[in-house]
Amino acid sequence: MTPSLTLDLTYNTDFAQVEVDDVQINLNRFSLFFPEKRPFFLENAGQFTVGNPEEVEFFFSRRIGIGNDGLPTPIVGGARLSGKVGRKTNVGLLHMRTDAIPGELAQNDFSVVRVNRELENRSSLGTIFVNREAFSSAEDDYNRTYGIDGRFGFGNYGTVSGWVGATESPGTTGDEHAYNLTVNYSSPSWSNNIAFTEVAEDFNPEVGFLRREDYRKVEGRILYRFRPENTLNLLELRPHISYRGWWGLDGKQDTGFLHLDNHFEWRSSVEVHTGVNLTYERVREPFELTAGVEVPVGEYNNSELQLVFQSNKGKALYAEMRSFHGGFFNGDRHTLRPTIRYRMGDTFSTELAWNYNRIDLPSEAESVNINAGQLRLSYSFSPKMLLQALFQYDDRSERIGMNVRFSLLQRANAGLYLVYNEVDEMGFRKPRREFVIKYSRILDFLH
């Protein structure tokens with residue numbers, strides 16, 4: 001539309017070429033966050049961001065085209081206008097329609113309006129409106145979210161930021177607000193912050209993301225960066241302490257997490273992180289950790305050791321190990337998360353990652369072992385011809401998955417895609433297989 005304002009239109013929208021989600025292990029009772037991977041929603045995604053990332057998000061694009069239970073929903077089409085108006089005003093307008101699934105979901109319209117104004121000294125002020133409207137037999141089937149956010153810089157290193165929001169749903173008469181206030185100070189030597197968040201009982205951003213409900217959260221961190229002149233070839237030491245605490249609206253604490261750590265970084269870019277975590281959990285309702293293993297109602301105070309090793313990320317071969325050892329719901333947990341990456345120039349790259357957990361709970365006679373693994377392979381025949389493969393294993397759901405994608409691109413993610421997906425539930429039923437051929441081409445009618 002202008003050099004800084006883009007209009008995107010889509011019809012009969014399809015994302016068959018997008019890589020599948022990474023397998024995650026949930027060892028708690030709160031929602032997991034799966035990031036957006038679809039290119040249409042990733043473009044200018046920052047224009048629509050309001051809230052605390054992966055915790056309270058007013059708009060989360062994965063709600064469009066994917067039901068709450070993971071059921072794919074056909075996208076009829078939509079439009080998005082995003083970019084700048086003038087030098088300092090950012091705008092984002094989005095409207096999408098999803099088709100009905102008989103007996104499951106009604107046809108829905110999703111609309112987002114976002115305006116943000118940049119001010120002096122790292123400051124800004126913005127607003128957002130998110131609406132879902134269903135075409136169903138029910139008279140009222142909608143959900144609306146309203147929000148205002150701002151950031152104000154003081155001096156060279158300080159900022160005060162925050163947001164306030166409310167939702168509106170038919171038949172809801174309770175409190176539907178949420179807000180956050182954060183003070184941050186970040187200088188070459190210090191990185192400190194303190195924040196408070198409240199999410200009311202009926203705050204319900206259906207087209208957003210909410211990791212947990214009904215809480216007040218206090219968090220803070222103090223981190224100091226120190227660079228010794230000549231000590232064991234160290235580049236930097238980063239001692240720090242942080243705390244995150246959640247309380248229910250009844251005043252009782254649900255979670256506490258105190259973290260004491262020091263990061264050692266050498267001039268070779270090798271890093272070692274050593275930490276101690278003191279945790280508290282109040283389980284108000286029993287939840288299932290894995291099949292047949294339940295964590296009962298109760299209060300749990302525990303401590304654990306944390307150790308992280310990272311080699312030089314700029315080298316062809318990179319290795320990382322994250323480990324946690326200590327108390328877990330009054331039992332013990334031993335977690336190892338090794339990752340190895342290797343690349344051969346600009347042509348070949350691979351990554352092998354594993355997540356191993358051995359858990360001993362007081363209520364269980366035997367240890368519980370939970371594993372998940374990933375292997376990524378990527379080979380570039382040329383800058384426009386790429387072969388990618390992702391293999392995943394998860395022994396909790398007893399699934400093995402494979403996603404293989406070949407792409408021959410024209411430009412801007414347009415071109416030929418060949419995609420093969422397979423999910424094998426380890427002998428319980430026949431593997432689910434899918435093969436997709438997709439071709440798209442960009443035509444320039446204006447030049």
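Are Asp 149 and Arg 114 buried or exposed? Both are buried. Buried means under 20% relative accessible area, exposed means over 50%, and partly exposed is in between, with a 1.4 Å probe and protein chains only.

This is a predicted model, where local features need pLDDT of at least 70, side-chain atom pairs count only at pLDDT 80 or more, and totals for chains, interfaces and linings use all residues. Residues are numbered from 1 along each chain as its sequence is written, and side-chain values use heavy atoms, with hydrogens and water left out.

Stay with the opening pair. Asp 149 and Arg 114 form a salt bridge, and their closest N and O atoms are 2.7 Å apart. A salt bridge is a side-chain nitrogen of Lys or Arg within 4 Å of a carboxyl oxygen of Asp or Glu. Side chains of opposite charge can pair when their charged atoms come close. Asp 149 lies in strand 8 (residues 142–154) and Arg 114 in strand 6, so this pair ties together parts that are 35 residues apart in sequence. Helices (H or I, at least four residues) and strands (E, at least two) are DSSP runs, numbered from the N terminus.

Strand 8 holds another charged partner. Arg 144 forms a salt bridge with Glu 133, with the closest N and O atoms 3.3 Å apart. Arg 144 is in strand 8 and Glu 133 in strand 7, so the pair ties together parts that are eleven residues apart in sequence. Glu 133 is partly exposed, at a relative accessible area of 30%.

Now move further along the chain. Asp 254 and Arg 284 form a salt bridge, their closest N and O atoms being 2.7 Å apart. Asp 254 lies in strand 15 (residues 253–266), and Arg 284 in the loop between strand 16 (271–283) and strand 17, so parts 30 residues apart in sequence are tied together. Asp 254 counts as buried because its relative accessibility is 11%. Arg 284 has 40%, so it counts as partly exposed. Elsewhere, salt bridges that share partners join Arg 227, Glu 236, Arg 238, Glu 265 and Glu 271 into one network. The count comes to 34 salt bridges.

Next, the strands. Two strands pair if DSSP finds at least two bridges between them. Strand 8 and strand 9 (residues 158–168) run antiparallel and are joined by eleven bridges. Thr 145 stands opposite Thr 167 in strand 9. These two strands form a hairpin with three residues between them. Gly 155 in the turn has a positive phi of about 65°. Strand 9 also pairs with strand 10 (residues 177–186), in the antiparallel sense, over nine bridges. There, Gly 162 stands opposite Leu 181 in strand 10.

Three other strands form an open sheet in the order 2-3-12, with antiparallel pairing. Its edge strands, strand 2 (51–52) and strand 12 (209–210), each pair on one side only.

Rings of Phe, Tyr and Trp (its six-membered ring) pair if their centres lie within 6.5 Å; planes under 30 degrees apart count as stacked, over 60 as edge-to-face and the rest as tilted. The count comes to 18 aromatic pairs. The rings of Phe 287 and Phe 329 have centres 5.7 Å apart and planes at 65°, so the pair is edge-to-face. Tyr 300 and Phe 329 are also edge-to-face, at 5.3 Å centre to centre and 85° between the planes. Both Tyr 300 and Phe 329 are buried. Phe 287, Tyr 300, Phe 328 and Phe 329 form one aromatic cluster.
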